[in-house]
Amino acid sequence: MNQRGEAAGRRSGRKLNILDPRKASHERRKRELLEILEPVLGSDDSDSSSIFLCWGKDNRCHIAPVKIPNSADDVTIWQEIRRLWYAHRGDWRKRLNLFGVREVRIVEISIAGRELKGKQRTNHKRFVGTYTTEDLAAEKGRLEQTIASYDPQEFPCPYNPSTGRVNCFSSCISYQLDGITCPEQTLYQARRELSRLNMRPFLTLAFSDPGVATVNGLLEGEGVINTHSGILSKLESWHCPKLGELQFRALIIDEDRTRGSQCVVLLLTVVVIFLMVAGAKLAYGDWGTAWNVGCFLVALATLLWMWANHTVA
Ligand SMILES: [Zn+2]
């Protein structure tokens, strides 16, 4: 039956295209993906792009898209990133320095699906997924190696800053031999990429003060700004692409958890000690004994705290 259908399809090429079940399932998969990616793509958002912001662990992270109008400048982009981050994580973090942002990095993410609506209904535009960190040191090492192994030509081709390109002479090896890139072009490209990687710590500075982003073009060439058409073209990378197969580059925000949690432990200890003093008052019926119990607990807690710090150090 199937063979007969295929034969019929071959006889009339146009009909095959319409009836081909593989093509139909590919189209169905694309529609399903568009539905899941609705918070990123929207209905008619072709004049805006998205940046994925993520936080959490590498095997389970939260992902939220930041919508950026294509006309937005660098400072506006960073203001929007900051606004969205605090909208998702709570405005109180701005005032409480203990839960501050430690670092902003660039990672590769895979989206597993939409996050459950749960308690906060506003969160349903978020995704869950995983991320992998790139080996920055290895990448820098590779570029340094390229620069170190540069072998100048007899007449080195000059770099033209006004166009950002290398003006090749007719004696350039790239003209004489097919498939060989101009050595000067390779050198300048490696130098520029290395300088971009060396500026990565600026991402954290721009997050805390968006003004830093002016004339620094921190997201240029990093591939974290996803245009509407760029995302749509990812849907065509495989036959029936799976959601997790669509890879995106994203900004990850690392929080200063240790300082925050230390402060919480300290506060809890104080509360517990006061409760135990109150309990001792009820048990012994006199404040003198209760405060003695309290003093003993404070001494014990201090001893444990010092011991814990010594062990960790
Ligand atoms: Zn050249």
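In what sense, left-handed or right-handed, does helix H7 cross helix H9? The crossing in which H7 passes H9 is left-handed. The legends below concern a predicted model.

**View 1. Packing of helices H7 and H9 in the predicted model.** Helix H7 spans residues 136–148 and helix H9 spans residues 183–198; their axes approach within 9 Å and cross at roughly 150 degrees. Angles over 145 degrees count as roughly antiparallel, and H7 and H9 are therefore roughly antiparallel to each other. On the H7 side, the contact is formed by Leu-136, Glu-139, Lys-140, Leu-143, Glu-144, Thr-146 and Ile-147. The H9 side contributes Thr-186, Leu-187, Ala-190, Arg-191, Glu-193, Leu-194 and Leu-197.

**View 2. The largest nonpolar core.** This core comprises 28 residues, and those with the most contacts inside it are Leu-53, Cys-54, Ile-63, Ala-250 and Leu-251. Strands that give two or more residues to the core are S1 (48–57), S2 (60–69), S3 (101–114), S4 (127–133) and S8 (247–255). Helices H5 (74–89) and H10 (202–208) likewise give two or more residues each. Strand S8 supplies the largest share, five residues. In soluble globular proteins, nonpolar side chains tend to be buried together.

**View 3. Cys-172 and the second core.** A second, separate core has six residues, including Cys-157, Cys-172, Leu-187 and Tyr-188. Cys-172 is located in the loop between strand S6 (165–166) and helix H8 (173–176). Is Cys-172 buried or exposed? A residue counts as buried if 20 or more other C-beta atoms lie within 10 Å of its own; Cys-172 has 21 such atoms and is therefore buried. Apart from residues up to four places away in sequence, Cys-172 touches Gln-153, Cys-157 and Cys-182. The C-alpha atoms of Cys-172 and Glu-154 are 9.0 Å apart, although the two residues are separated by 18 residues in sequence.

**View 4. Positive phi at Val-215 and Cys-240.** Val-215 is not a glycine, yet its phi is positive, at about 55 degrees. Val-215 is placed in the loop between H10 and strand S7 (225–227). With 7 C-beta neighbours inside 10 Å, Val-215 counts as exposed. Cys-240 also has a positive phi, near 45 degrees, in a residue other than glycine. The loop that holds Cys-240 runs between helix H11 (228–234) and S8. Cys-240 is partly exposed, with 14 other C-beta atoms within 10 Å.

**View 5. The annotated transmembrane regions and the chain as a whole.** An unreviewed UniProt entry annotates residues 263–284 and 290–308 as "transmembrane region". In the model, residues 290–308 are 100% helix and 0% strand, and the end C-alpha atoms of this span lie 27 Å apart. The protein chain contains 13 helices and eight strands. Of its 313 residues, 15% count as buried. Among contacts between residues at least 6 apart in sequence, 59% join residues at least 24 apart.

Notes:
Residues numbered from 1 in each chain as written. Predicted model: local features only at pLDDT ≥ 70, side-chain atom pairs only at ≥ 80, totals over all residues. UniProt positions renumbered as here; feature names shortened; annotations may be inferred. Helix = DSSP H or I, 4+ residues; strand = E, 2+ residues; numbered from the N terminus. Core = buried A, V, L, I, M, F, W, Y, C linked by C-beta atoms within 7 Å. Buried ≥ 20, exposed ≤ 12 C-beta atoms within 10 Å, placed from the backbone. Axes fitted to C-alpha atoms, helices over the stretch in contact; angles between N-to-C directions. Parallel < 35°, antiparallel > 145°, perpendicular 65-115°, else oblique. Left-handed = near helix turned anticlockwise from the far one by under 90°. Contact = placed C-beta atoms within 7 Å.
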